[in-house]
Amino acid sequence: MSTDDTGVVFPAGPDGRRSTAAVGRAVVADALRPVDPTGARAAETETNWRAGYLVHFRRLVEAGLASPEAALSVAGAGLDAVHARLQVAADGAEQPLSALPAASAGRTPATREVTGTAEPEREFTLPFHGRRLRGDDLLRQVDSWVERGIAEPTLAEAVRAVTAHPEWLALPGRTVVVLGAGAEMGPLTALLRWGATVAGVDLPRPDLWRRVLDTARRGAGRLLVPAGPGDGDLATTAGADLVREVPAVGDWVAGLPGDPVLGDYVYADGATNVRVSAAVDALTLRLQRERPDLALAFLATPTDVFAVPGDAVEHSVRAYAGRSRAGKLLGRPLRTLSAGRLLQRAYVPGTDPGISDSLVAQQGPNYALAKRLQRWRATVARAAGTTVSMNVAPPTRTRSVVKNRALAAAYAGAHRFGVEVFEPATSNVLMAALLVHDLHTDGGPRHGQPWQDEAYAAVHGGLWRTAYAPRSALGLAAVLGLGAARG
């Protein structure tokens, strides 16, 4: 339940309670209805959304495979449902989220600028296990990830392009708006090291902003910050609350110099994650009206459902056939004792495309909906001709992951099942490089199907190519990694 009654909120039911489950069911059903009426009815009648949401989010992907039009229909209907069902509460009244893109702003933040003191980095290097990889060492590491099934082969061509064009790194002429300036997975630090112009937006929290401002001063770029009046300590006046201030942030971003890139790197716990993601989507619509040149950037979580190329299926099938003798001996009794839930093979051989279902039940339906909302917007915007950077990021040991004991343990044991978990420093720089690639290549190659756009240069950590269906190995990975996670 969501109990905060200001800004973007879940609608109140007849009893006054704001049910996140009711909205989640309804949005998924609305998204499925145009192409899968049976799936829509199943979602609507799901009695235990918290435990039963997994199958319905998988169905959203499966329903979009029939054609590009089907995928666009699912995405468009899902977005429409979010804007029709979520509400904006202010001054004791509520109106649909769909009214927010045209709402007037209560304030327009001032722009304060922080300029870095370092020289821009003029070569793409990647932090990895305490080293900085460059040149041939960097390319060999990327090739190793591809060979071992940690990333899709197209990652290598994207990284090679960035390596060959270091002048791309500073993103001349662009201003990248990083929503979630303090996020571990965001590109702010890398872009500022490369000399780019970045506009940072995050909550008005002085400790957060002291860290971000220090990063900017040690960098080589320009950081533009929304701030309140006065010339005092910037950390105490910087920031904006997206859940409550979409019009103000929209007016501020619309007035920034350069070609704007709106980067969505926000994250919050529980229901707030849906609220802030919906607020960002309303901000996106507002800015698209005012800045037709707006480009969009997202990071997709690897713990979701994706359609994957036949090559990934073949890789997984080979891995399953080549598993160790101990794995073969233990697999059958474990599957029998668990009623088939443990160590299931990932795909039926020959499937093309396959469905990689890496949803993690512990992350919950609100997390799944918030991340799916971003993928829907990327799909719709790309089809409309917008430059979109949407890349699948690797499993990463971020603070939000390691504070969840079950996930931390599963990540610690994941290597036993062919899954590589990245350190934040490696992930965010690699993802920043893919953002640079996409912005210099009109969003990267265009494909016939939206799922193929999502698969390009995906760094899924091996989840798409492992021998076992990820969720069927998660429990064992957690058991095996429990000691390491505690350490």
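Helices and strands here are DSSP runs, numbered from the N terminus, a helix having at least four residues and a strand at least two. In this predicted model, the tour opens in a loop: select Asp-231, which is placed between β9 (222-227) and α9 (234-237). Exposed means over 50% relative accessible area. Asp-231 has 75% relative accessibility and therefore counts as exposed.

From Asp-231, draw a distance to Gly-39: the two C-alpha atoms are separated by 56 Å, and the residues are 192 apart along the chain.

**Helices α2 and α3**

Select residues 37-44 (helix α2) and residues 49-63 (helix α3). Two packed helices are described by the angle between their axes and the distance between the axes. For α2 and α3 the angle is about 170° and the axes lie 10 Å apart. Since an angle over 145 degrees counts as roughly antiparallel, α2 and α3 are therefore roughly antiparallel to each other. Show side chains for the contact: α2 contributes Thr-38, Gly-39, Ala-42 and Ala-43, while α3 contributes Trp-49, His-56 and Arg-59. By class, the residues of this contact of α2 with α3 comprise three nonpolar, three polar and one charged.

**Helix α1**

Move to residues 20-32, helix α1. The buried residues include Val-23, Val-27, Asp-30 and Leu-32. Which helices are included in what covers the buried residues of α1? Display α2, α3, α4 (68-85), α11 and α14 (364-383), which are included in that cover.

**Helix α11**

One of the covering helices, α11, is the next selection. Helix α11 takes in residues 271-290, and its 20 residues reach 29 Å from the first C-alpha to the last, close to the 28 Å expected. In α11, 15 of the 20 residues are buried, so this helix is likewise largely enclosed by the rest of the structure.

**Aromatic pairs**

A search of the whole structure finds nine aromatic pairs. Select Phe-306 and Trp-464: their ring centres are 5.4 Å apart and their planes stand at 45°, so the pair is tilted. Phe-306 belongs to strand β12 (residues 305-308) and Trp-464 to the loop between α18 (450-455) and α19 (470-486), so the pair ties together parts that are 158 residues apart in sequence. Are these two residues buried or exposed? Phe-306 counts as buried at 1% relative accessibility, and Trp-464 is buried at 0%.

Next, select Phe-417 and Tyr-468, an edge-to-face pair with 6.1 Å between centres and 75° between the planes. Phe-417 sits in the loop between α16 (405-413) and α17, and Tyr-468 in the loop between α18 and α19, so the pair links distant parts of the chain, 51 residues apart. Both Phe-417 and Tyr-468 are buried.

**Ser-427**

The last stop is Ser-427, found in helix α17 (residues 424-440). At 0% relative accessibility, Ser-427 counts as buried. Which residues does Ser-427 touch, not counting those up to four places away in sequence? Select Met-185, Pro-394, Thr-396 and Phe-422 to display these neighbours.

Definitions and conventions
Residues are numbered from 1 along each chain as its sequence is written. This is a predicted model: local features need pLDDT of at least 70, side-chain atom pairs count only at pLDDT 80 or more; totals for chains, interfaces and linings use all residues. Side-chain values use heavy atoms; hydrogens and water are left out. Axes are lines fitted to C-alpha atoms, for helices over the stretch in contact, and angles run from 0 to 180 degrees between N-to-C directions. Angles under 35 degrees count as roughly parallel, over 145 as roughly antiparallel, 65 to 115 as roughly perpendicular and the rest as oblique. Contact means heavy atoms within 4.5 Å. Ala, Val, Leu, Ile, Met, Phe, Trp, Tyr, Cys and Pro count as nonpolar, Asp, Glu, Lys and Arg as charged, and the others, Gly among them, as polar. Buried means under 20% relative accessible area, exposed over 50%, partly exposed in between (1.4 Å probe, protein chains only). The expected span of a helix is 1.5 Å times one less than its number of residues. Rings of Phe, Tyr and Trp (its six-membered ring) pair if their centres lie within 6.5 Å; planes under 30 degrees apart count as stacked, over 60 as edge-to-face and the rest as tilted.
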